[in-house]
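Biologist: I'm new to this one. Can you walk me through it?

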Amino acid sequence: MNGKDAKEISKFLSLILRHAPQTIQLQLDENGWASVNELITKSNQFGKELDEEILDYVVKNNDKKRFVFNEDKTKIRASQGHSIEVELDLKEAHPEHFLYHGTVAKFLEAIQKEGLQKMSRQHVHLSRDKETATKVGSRRGKPIILSIDAPKMIADGYSFYLSENGVWLTDHVPVEYIKF
Ligand code: HQG
């Protein structure tokens, strides 16, 4: 499998496991897990070529480790990024340094008014370093990096979660914690 095919499968899996499992009539459980067999069968019926080997490859080699298997590899889910409601049992964690958020100029005015909102996802996504935030922002155009005073937020009682693949998540970042 080449990188281009793996990326295409990763995009398809993001759609199915984070946003719209109904596209292939798949049901996720309340924790976001899909049965591997069912995912394969229904993807193939939908016209998307998928088998265990391909899934294995994508789970192992995905640049951001977006997907994980359960222990006996009968189930698979996305580690973060959902728009549908799922209970991920995220671990609460305390960032000890600033976190970063990559965005673009057209959102700045709204962010200056209301802080960072989750928009269509379940959480606001924050990056541990500026390089990662730059990549996130670049998806939408010329990136602008906001610095988030996470230690101050912790001191003020806000909660943070660290997803299995190392993305920092929180519910809302009020504007007073953002350095523009
Ligand atoms: C912006 C990708 C107006 C926010 C990435 C962002 C990440 C506001 C957009 C992950 C706003 C939401 C998440 C406000 C925030 N008013 N705009 N108050 N607050 N925004 O895609 O952080 O490849 O939901 O700046 O790499 O861009 O999918 O969030 O531009 O890790 O695994 O609203 O998705 O990962 O966009 O990206 P998103 P995001 P994957």
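Biologist: Which residues come nearest to the ligand?
Modeller: T103, F107, A110, Q117 and H125 come nearest, out of 18 residues around the ligand. Keep in mind that this is a predicted model.

Biologist: And which helix gives the largest share of that shell?
Modeller: Helix α4, residues 108-114. Three residues of the shell around the ligand come from α4.

Biologist: How do the shell residues divide into nonpolar, polar and charged?
Modeller: Seven are nonpolar, six are polar and five are charged.

Biologist: Which domains does the shell draw from?
Modeller: Domain 1 and domain 2 each supply at least three residues to the shell around the ligand.

Biologist: Back up a bit. Where do the domains run?
Modeller: Domain 1 covers 3-78. Domain 2 covers 99-179. Their centres, taken over C-alpha atoms, are separated by 27 Å.

Biologist: What about confidence? What pLDDT does the protein average?
Modeller: The average pLDDT is 96. 100% of the residues score at least 70. For the complex, the predictor gives an ipTM of 0.96 and a pTM of 0.90.

Biologist: Changing topic to strands. What is the order in the open sheet of three strands?
Modeller: The order is β5-β7-β10, with antiparallel pairing. The edges are β5 (99-103) and β10 (178-179), and each of these pairs on one side only.

Biologist: How many bridges join β5 and β7?
Modeller: Five bridges, in the antiparallel sense.

Biologist: Which helix lies across β5 and β7?
Modeller: That is helix α5, residues 130-138. α5 runs at about 20 degrees to β5.

Biologist: Now the open sheet of four strands. What's its order?
Modeller: β4-β8-β9-β6, and the pairing is antiparallel. Here the edge strands are β4 (91-92) and β6 (124-126). Each of those two edges pairs on one side only.

Biologist: How many bridges pair β6 and β9?
Modeller: Three. The two strands pair in the antiparallel sense, and β9 spans residues 168-170.

Biologist: Which residue in β9 is the bridge partner of L126?
Modeller: W168 is the partner of L126.

Biologist: What actually holds paired strands in a sheet, in general?
Modeller: Strands of a sheet pair through backbone hydrogen bonds, either parallel or antiparallel.

Biologist: Give me a quick recap of the ligand site.
Modeller: The shell around the ligand has 18 residues, with T103 and H125 among those that come nearest. Helix α4 provides the largest share of that shell. Domain 1 and domain 2 each contribute at least three residues.

Conventions:
Residues are numbered from 1 along each chain as its sequence is written. This is a predicted model: local features need pLDDT of at least 70, side-chain atom pairs count only at pLDDT 80 or more; totals for chains, interfaces and linings use all residues. pLDDT is the predictor's confidence in each residue, from 0 to 100. Domain bounds come from an automatic or database domain assignment. Two strands pair if DSSP finds at least two bridges between them. Two residues are in contact if their C-beta atoms, placed from the backbone, lie within 7 Å. Axes are lines fitted to C-alpha atoms, for helices over the stretch in contact, and angles run from 0 to 180 degrees between N-to-C directions. A residue is near a molecule or strand if its C-beta atom, placed from the backbone, lies within 6 Å of it. Ala, Val, Leu, Ile, Met, Phe, Trp, Tyr, Cys and Pro count as nonpolar, Asp, Glu, Lys and Arg as charged, and the others, Gly among them, as polar.
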